[in-house]
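Hi everyone, thanks for coming.

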Amino acid sequence: MFGWTGTILRVNLTTRKITKEPTDLNDARLFIGARGLATKLLMDEVDPRVDPLSPENKLIFAPGPLSGTMAPSMGRYDVVTKGPLNGTVAASNSGGSFGSEVKFAGYDMIVFEGASETPVYLWIRDDQVELRDASGVWGKNVFDTTDLLRAETDEEAKVACIGPAGEKLVLFASIMNEMHRAAGRSGVGAVMGSKKLKAVVVVGTNPLEVANPEAFEKAVMVARKKIMEHPVGGTGLRAYGTDVLVNILNSVGSLPTRNFHEGYFPTADKLGGEALTEKYLVRPKGCYACVISCGRVVKVTNPKYACETEGPEYETAWGFGADCGIDNMDAVIKANHLCNELGLDTISCATTIACAMDLYEAGILTPQDTGGMAIRFGDAETMVRLVEMIANREGIGDQLALGSYRFAERYGHPEYSMSVKKQEMPAYDPRGVQGIGLHYATSNRGGCHVRGYTISPEVLGVPVKYDQHATEGKPELVITFQNLTAALDSTGSCLFTTFGIGAEELAALLSAVTGVEYSTEDFMKAGDRIWNLERMFNLKAGVTGEFDTLPERLLKNPIPAGPSKGEVSRLDQMLPEYYNLRGWDAEGVPLPEKLQELSLA
Amino acid sequence: MAKIIMIHPDKCTGCKNCVLACSFKKEQRIRPAASRIHVYSWEREGISVPMMCQQCNDAPCVSVCPTGAMNRRFGETLVNYDAAKCIRCRMCVQACPFGNAIYDSVTDSIMKCDTCEGDPACVAACPVHAIEYIEESISTRSRKKAFAQKFKEAFQEVA
């Protein structure tokens with residue numbers, strides 16, 4: 001077997017029965033692996049209308065066919081389930097070594113079903129698999145859990161676990177592997193918590209065979225060279241991390257500020273990658289097989305926020321920074337550290353706090369509601385305090401743990417939530433960058449940037465520059481990026497490889513590893529297929545075309561100042577064409593012939 | 001001049017490209033256990049250290065080898081391993097103070113770095129030059145100079 005291990009590990013947490021079954025190789029060919037293949041399994045086995053936190057939902061850990069190989073920066077895995085935050089199919093991917101270790105242990109997927117009554121963790125050493133009692137680590141944070149479970153198993157084991165936030169079902173809880181790598185979005189950690197599954201601990205020692213070693217080595221060298229020679233993939237991300245984007249987005253007036261009231265933050269440079277490198281960076285860090293090394297090992301010496309940790313990513317620095325009206329990088333790094341330690345998605349956590357600040361300043365949220373706590377824009381101390389309160393569901397944190405949409409709705413003003421399909425949008429103002437707005441509105445997991453990163457062409461000019469303010473050509477651009485990313489995610493690749501390579505190189509790697517010939521067209525078509533499969537799941541879950549929209553603030557209130565002053569999102573000019581080009585009807589439902597064409601009928 | 005593989009843990013990102021390249025070169029597949037180089041990472045501190053055969057001058061593996069399978073050819077830096085002479089007694093495994101000679105049950109042989117005959121795959125694969133294959137004298141000079149630089153800076157501050 002090449003690329004795929006050919007085995008799925010199934011763990012029923014209710015009956016404690018552990019079984020192994022063969023991977024359906026026809027499905028593997030069509031849906032590749034990771035995000036695609038796991039979504040196919042979810043679609044086949046789970047009713048999309050299921051309560052995400054019920055035992056009927058399933059939780060799948062899935063590396064891709066390129067994970068574990070030396071394909072550059074391609075060692076990732078996806079966690080696929082129905083997300084409790086957005087009610088859509090959730091696929092959150094993460095780097096580090098965990099996904100590759102699952103491959104070495106011999107599995108294309110680990111499927112968890114049912115729910116345990118008492119806390120458990122799964123211990124895998126190749127074909128030996130056992131559920132063990134986790135009551136000793138229940139309640140512990142991510143870092144301590146990781147250390148303790150390694151002490152109980154193997155000191156070199158790879159650990160993916162939840163923190164207190166996942167245990168307490170915070171709707172945007174993450175799953176953390178190797179302490180600092182996050183399957184962050186959509187609340188996959190809460191699903192794990194609902195199943196009383198504290199961790200998955202893996203040691204894998206099996207070889208991964210490659211179908212065509214010669215072609216593989218050649219494809220690796222080509223991809224490596226292109227990524228490493230690219231100014232973003234090879235230089236920018238290692239020097240400054242993803243946080244290099246703060247000053248870039250601010251310079252084009254599209255850095256959402258104070259809960260998206262504005263698109264420009266005058267003191268943003270204090271939060272940028274340049275400042276991070278100069279004042280905090282200890283060294284860059286890379287995930288498994290990575291040639292980019294965007295990870296940041298950092299140190300804060302200010303005693304108030306002192307920590308030795310990793311991060312922050314751009315979206316995190318923006319969220320706890322500009323979106324909360326804060327320019328104190330010490331506090332931002334601390335908030336990021338707490339999110340990793342407690343197991344929270346930084347984007348939803350930060351923007352939910354920003355939403356609370358907005359509601360408070362508007363007088364909608366009062367001191368009576370907050371237990372006397374003033375929650376104002378620019379207050380770094382309160383922001384950091386709220387992160388802990390959310391994870392522990394303490395005081396107002398118990399309500400914030402539901403995410404900004406449910407929180408704002410509770411106070412009668414859901415329009416204060418800067419979210420799509422109840423998931424918070426990240427760090428790119430759709431009023432200033434038209435294509436990303438269309439992507440937010442149509443993304444299969446709601447507010448999310450990593451499934452159609454049109455910021456590349458619209459702002460960075462990669463691979464070619466598009467006018468950020470134009471709507472023409474954007475539907476086609478968004479679709480191309482969404483399809484490419486769906487296929488790319490499904491291989492186990494990191495999105496950042498697209499700073500250097502594209503479908504052609506990925507198809508070559510995939511063909512060489514698996515022995516199944518993928519042309520560039522086959523690869524893109526697989527992406528289209530995966531996208532439509534996810535769409536079908538969401539439609540069946542009741543998340544229909546009426547939710548393909550943006551918050552009113554972005555459609556009606558122009559950006560008040562800065563380089564994108566006066567702009568609003570012109571989503572209505574793009575959405576109908578998007579549906580049409582996708583082969584969907586006016587309500588956003590895929591037409592029968594489209595499903596036929598993609599072998600989804 | 002003698003060349004050695006020099007590691008710089010301060011630059012290592014923990015990506016393990018060296019491990020993958022080594023195992024692929026040796027077996028044309030991916031099996032980290034077959035790699036002659038291993039990387040250990042400390043997640044809390046964010047530090048990674050690559051480990052491989054040091055090609056010791058006074059090599060314990062050569063001293064204890066009863067058959068001459070572990071040997072050093074005259075005038076060479078490399079500690080040579082001859083599988084044909086090896087009786088798999090694993091004395092070298094026990095003698096190596098670094099744990100860099102490993103017995104592999106899959107191939108029934110001792111795994112230790114042979115510098116890929118002077119063209120080490122790990123060095124070529126490292127994206128950040130945390131492993132280098134360089135002249136011994138240059139490697140020590142650059143390290144000494146880096147330390148001297150710290151002295152220089154300290155003196156400049158005092159002055």
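Predicted model: local features only at pLDDT ≥ 70, side-chain atom pairs only at ≥ 80, totals over all residues.

Residues are numbered from 1 along each chain as its sequence is written, while chains are lettered from A and ligands numbered from 1 in the order in which they are written.

Confidence, then. The predictor gives the complex an ipTM of 0.95 and a pTM of 0.96. Within chain B, strand β4 (residues 70-71) is highest at 98, and helix α5 (residues 136-158) is lowest, at a mean of 79. Helices here are DSSP runs of H or I with at least four residues, and strands are runs of E with at least two, numbered from the N terminus.

Now the interface. Counting contacts as C-beta atoms, placed from the backbone, within 7 Å, 28 residues of chain A meet 20 residues of chain B. On the chain A side, α7 (213-229), β13 (281-285) and β15 (307-310) each supply at least two residues, and β13(A) gives the most, with four.

Finally, B:K26, which sits in helix α1 (residues 17-27) of chain B. Is B:K26 buried or partly exposed? Partly exposed, because it has 17 C-beta neighbours inside 10 Å; buried takes 20 or more other C-beta atoms within 10 Å, exposed 12 or fewer, and partly exposed lies in between, with C-beta atoms placed from the backbone.

Terms used
Contact = placed C-beta atoms within 7 Å. pLDDT = per-residue confidence, 0-100.
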